[in-house]
Amino acid sequence: MADSGVTDGAVGKDGIQQAKIEGKELTKEEKQRLRKEKKQQKKNKEKNDENASKESEEKPVSAAAPTPTQPSQKAPSAVPAPASLPVPASEPQPAKSKADMKAERRARQESERASKKKGDAGQPAATGKAKAAPSELQPVVKRLPEHVQVDNPEVLKKLAKKLEKQQIPLRLDYGHKVSLFSHLHQYSRRAPLTQQIGIPSTVIHPAIVRLGLQYSQGIVAGSNARSVALLHAFKQVIRDYTTPPNEELSRDLVNKLKPYISFLNQCRPLSASMGNAIKYIKKEISNIPSQYREEEAKSKLLICIERYIDENIILAAKAIAKSSIEKISDGDVILVYGCSSLVNHILCEAFEKKRKFRVIVVDSRPRLEGREALRRLVQRGISCTYVLISAVSYILPEVSKVFLGAHALLANGYVMSRVGTSQIALVAKAFNVPVLVCCETYKFCERVQTDSFVSNELDDPDDLIVTRKGRTQLEHWQEVPSLGLLNLVYDVTPPDFVDLVITDLGMIPCTSVPVVLRVKNMDQ
Amino acid sequence: MELQAVLMAAGGGSRMTDLTYNTPKPMLPVGNKPLMWYPLNLLERVGFEEVIVITTKEVQKMMSTDPKMKPDVKMKLDVVCIQEDGDMGTADALRHIHSKIKTDVLVVSCDLITDVALHEVVDLFRAHNATLAMLMRKAHEFTETIPGQKGKKKTAEQRDFVGVDESGERLLFMANEADLEDGLSIRKSIMRKHPRMHIKTGLVDAHLYCLKKEVLDFLADNKSISSIRGELVPYLVRKQFSKTINCPNIKDDADDQNLKTKDGSTNQELLISSRDEPLLQLAQERSCWNDHRGDMSAAYHGGKLRCYVHIMDEGLCYRVNTLAAYIDTNRLAPKLFEEPAVHSTAVISERCQMGSDSIIGAMCQVADKTSIKRSTIGNSTTIKEKVKVTNSIIMHGVTIEEGCNIQGSVICSNAVIGRGADLKHCLVGNGQRIEPEAERTNEVIVGTDQLMEI
């Protein structure tokens, strides 16, 4: 029973609790197994860290139903949690030192990584467990990001510790959350993070504080705008940066950027485009050869940032506009939703090229971004109609094409965009109207999601409150215990509803997104 | 470095000369702390580590000897002295320290006592990349009777007209009643951009300003502006809608000509620009946010100069520049800090009746059978037996002999009140002696040398 012995030791206390929470039935053998390793765990109690048990690996019970979207297993954290992990490899040895266990685990992870390269990758360890050798029983599942585990107090504690180390204040959640989304953060716009930092901010660069404020107040909104503003702020940070003595710019600057990124994350969760931009910058910084002087290195970085914006945002928009104009013919009635900077750019370009079309702008509460899109289009001279999303099935018989913008394109072909987009795509499909999604390649991300619950963003619930004729019905919504206000920001559209994705690499079907990602990774 | 704090402590206190002819205004005791301690405390609480203090030599000397300033204020104070009889306005003072200023500046006046959450003002400054952000509050009604005031209240001072937009944050219009001869006129261009404007008159300006560095550079070149509140702020508010800022190509605009005649010789233009302007522009273009709706223009109407104001609804915000304000703040000041009402070194006999809302300073001596209610007693004051002090402010070093009855009065430092004196609503100046058995009501008792000053 060597195999199960390994996994038994692996399953932490929390694993059992989790299984119970998920309401899965424990079979008799599983119960026995769990009892056994509970005993073993008690022996190693002194060596345990607090967080150790949370970092449990897969449980045999979850083999029952590996939910596709939410891998119920949690991989061991990067900081190896001692003792809860398989101590009794073959013989129960309660008195194993931390270093030994670390080394053991590292060896095991290496061997598992090697076997992963050979065999199939990415399978949840539950299924892999049955076939794989004991050394590969370390879970291969990626760990859950902390921003979707807000209801887990240990994750919160860990986050608080990390922020404390970086001297960033922790932003507290606000208001009663709807239970389906209780695993996400929900902040209030009236309690900005700047309340908790000193006024002449010394820990965080002032450009980053300004950016964080602009994010949390919605002054900079839209994934392109956010990325550009982020890179602009990073340029200022790099300009003001001086390498401390005995440090290398390539390593120290990356460390300097980490607290800033945490701060921005606290102000508003990072978007996929921002995440990719940050990855790019970090890579560029680490790749600076050590013989560069500080001035040279800084100017090189500034040039890199400029080039990134030029290539991925400005030129990409031009390329996408060029391809989309072919798809717009005279007499078209185009439906757009919300305010996507890229779609607006395309329509304005098409209008410049003298195409004859009219636009229907669909808008939704509480953001009412469509008004801004309407203003920009009408200013150019395009004739527009404006409806709310509740009227979309009324207006669709008139529509010949639907152009949608995207916040991110996921690796399984799903389109993540403003909440309401999937609705529009669904109705358009029902009416057999082609749906075209326009998205630059830098917004492609390697995440996989099939529903909008797992990972989303909860905006301030007070935005939903409206005052009409001096009366605010929902003013005291927090006092009603059974009432929850939900203000979702994003939703995912399945690839069956999307007919074409127009990117700067060309017009591709939704299912080719992983190919593009693979090609991009190979390039780097 | 994000912001540098500047404390203006060279003011004369021209509206309460009875109190300030001997003690300079920044050192007037409020709740037994010097007046300038309050803004310094506000800055310290918020996280500033250095403050540039602009003051006179006299105040600087008093600061170094005052027992309160040294231990309580932990920040580094960079004291800059200016001539006290020169006509240096606040803007002139800023010009004087222009070389020390490296970033944006937060200017605070020494007579401001407030518990505002300062991040509200600074957030407006940061988030909208504003040129000016200031703080205002609805004026408090002063309820206490003012000693020495005969008859009805004086007519209200010249009002300030403040125009804000719908959100209540953007400053559109600011003028003082004195400058408006024929009436309030608002330019059509402003009305076109902001059709809904709220004009408020009952606001008190806290004299707390966040200014961009470019404004100081502009001040250095334009020597005609001498007061921040009187000239610079209205100028900036007007400049928001000036055409030359927004379209640098158009010169000699008709509007601008009018401006020039009004302001005199403001030659240099205020150039608001920042590095990487195109990137900022790009971010703003791509962002789906607008600060107004209903017309065809982009966010901020394309204007680069923006002035914002934070109007407090609740909380304390006082400017101690009149006697009434001084008395009111003395009542409320203890709420701002948590120190014990009775100082540890004060010697108070057991048969003294002390109300809970009174403050006794250090090294006081209060004898038996005294009753102290709703009053502030300064440091090193001696109060003999059978004295009744109600609703009064007694400053430092005062001696009150037996049997006195002091109501609603202000007794300045080092005064001596003789036995059995009965003072109601009086103001006793610095170092004055009140003869025994005197009965004074509603009088201002100051020395003859003060009477000569104007």
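| Stretch of chain A | pLDDT | Contacts in the model |
|---|---|---|
| residues 1-13 | below 50 | 33, beyond near neighbours in sequence |
| residues 120-136 | under 50 | 22, beyond four places in sequence |

Where pLDDT is low, the predicted coordinates should not be read in detail.

Turning to the interface, 33 residues of chain B are in contact with 39 residues of chain A. The buried area, that is, the accessible area (1.4 Å probe) that two parts lose on being put together, summed over both, is about 3300 Å² between chain B and chain A, with carbon and sulfur atoms giving 60% of this value. On the side of chain B, R126(B), R286(B) and C288(B) lose the most area to chain A, and together they make up 24% of what that side buries.

Between the two chains there are zero salt bridges (a side-chain nitrogen of Lys or Arg within 4 Å of a carboxyl oxygen of Asp or Glu).

Residues are numbered from 1 along each chain as its sequence is written, and chains are lettered from A and ligands numbered from 1 in the order in which they are written. Because the model is predicted, local features need pLDDT of at least 70 and side-chain atom pairs count only at pLDDT 80 or more, whereas totals for chains, interfaces and linings use all residues, and side-chain values use heavy atoms, with hydrogens and water left out.

How values were computed:
Contact means heavy atoms within 4.5 Å. pLDDT is the predictor's confidence in each residue, from 0 to 100.
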